Amino acid sequence: MMKRFALVMVLSLATSAHADDVADVWKAKCKSCHGEDGKAKTKMGQKESIVDLSQPAWQQAESDAEIRQVIADGSPKNTRMKAFKDRLTPQQIDALVGYIRTLKGK
Ligand code: HEC
């Protein structure tokens with residue numbers, strides 16, 4: 001009985017930690033330029049005219065692979081958008097693509 005309870009606790013902790021994880025990565029590594037909501041209403045966002053990632057039109061124009069590539073390798077158009085492949089795991093980059101999708105229309 002206790003064993004089963006412990007297992008359920010571990011499982012629910014593991015799943016909630018996963019959801020928090022990507023939001024934490026966004027806050028730590030992306031939010032300073034892109035803002036909490038991806039609209040880039042930040043100093044850097046204004047200075048560099050960063051695109052509003054929540055815009056449905058942008059979301060539609062970009063494939064997951066394209067978004068993943070910008071995060072991994074940086075933007076060829078603006079070096080402020082750095083390559084994150086040495087700082088994030090492939091799993092974190094995939095999770096960020098998913099996270100950016102959740103910003104759509106917000
Ligand atoms: C130092 C500021 C800065 C940080 C931090 C930053 N970005 Fe960017 N990001 C930019 C700029 C500037 C652009 C615009 C690049 C361009 O016009 O191609 C951009 C563009 C993007 C784009 C859109 C590219 C396109 O083709 O439209 C995505 C997606 C993106 N960033 C994701 C992220 C993610 C995810 C993180 C965190 C891991 C992050 N960025 C962190 C500055 C930043």
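How many salt bridges does a search of the whole structure find? The search turns up 5, and three of them get their own views below.

This is a predicted model, so local features need pLDDT of at least 70 and side-chain atom pairs count only at pLDDT 80 or more, while totals for chains, interfaces and linings use all residues. Residues are numbered from 1 along each chain as its sequence is written, and side-chain values use heavy atoms, with hydrogens and water left out.

**View 1. His34 and Met81 hold the iron.** His34 (NE2) and Met81 (SD) coordinate the iron atom of the ligand at 2.0 to 2.1 Å (donors are N, O and S atoms within 2.8 Å of the metal, or 3.2 Å for Na, K and Ca). Histidine 34 sits in helix α2 (residues 31-34) and methionine 81 in the loop between α5 (64-73) and α6 (90-102), so the pair ties together parts 47 residues apart in sequence; helices here are DSSP runs of H or I, at least four residues. Histidine 34 counts as buried at 14% relative accessibility, whereas methionine 81, at 21%, is partly exposed (buried is under 20% relative accessible area, exposed over 50%, partly exposed in between, with a 1.4 Å probe and protein chains only).

**View 2. Around histidine 34.** Neighbours within four places in sequence aside, histidine 34 is in contact with Trp26, Lys39, Ala40, Thr42, Ile50, Leu53 and Met81; contact means heavy atoms within 4.5 Å.

**View 3. Tryptophan 26 meets tyrosine 99.** The ring centres of tryptophan 26 and tyrosine 99 are 5.5 Å apart and the planes are at 40°, so the pair is tilted (centres of Phe, Tyr or six-membered Trp rings within 6.5 Å; planes under 30 degrees apart are stacked, over 60 edge-to-face, the rest tilted). Tryptophan 26 belongs to helix α1 (residues 2-29) and tyrosine 99 to helix α6, 73 residues apart. Both tryptophan 26 and tyrosine 99 are buried.

**View 4. Arginine 80 with glutamate 48.** Their side chains form a salt bridge at 3.2 Å, N to O (a side-chain nitrogen of Lys or Arg within 4 Å of a carboxyl oxygen of Asp or Glu). Arginine 80 is in the loop between α5 and α6, and glutamate 48 in the loop between α3 (43-47) and α4 (56-61), 32 residues apart.

**View 5. Aspartate 94 with arginine 68.** This salt bridge spans 2.5 Å, N to O, and links helix α6 to helix α5, 26 residues apart.

**View 6. Glutamate 36 with lysine 31.** Here the salt bridge is 3.8 Å, N to O. Glutamate 36 is partly exposed at 42%, as is lysine 31 at 31%.

Definitions and conventions
Helices (H or I, at least four residues) and strands (E, at least two) are DSSP runs, numbered from the N terminus.
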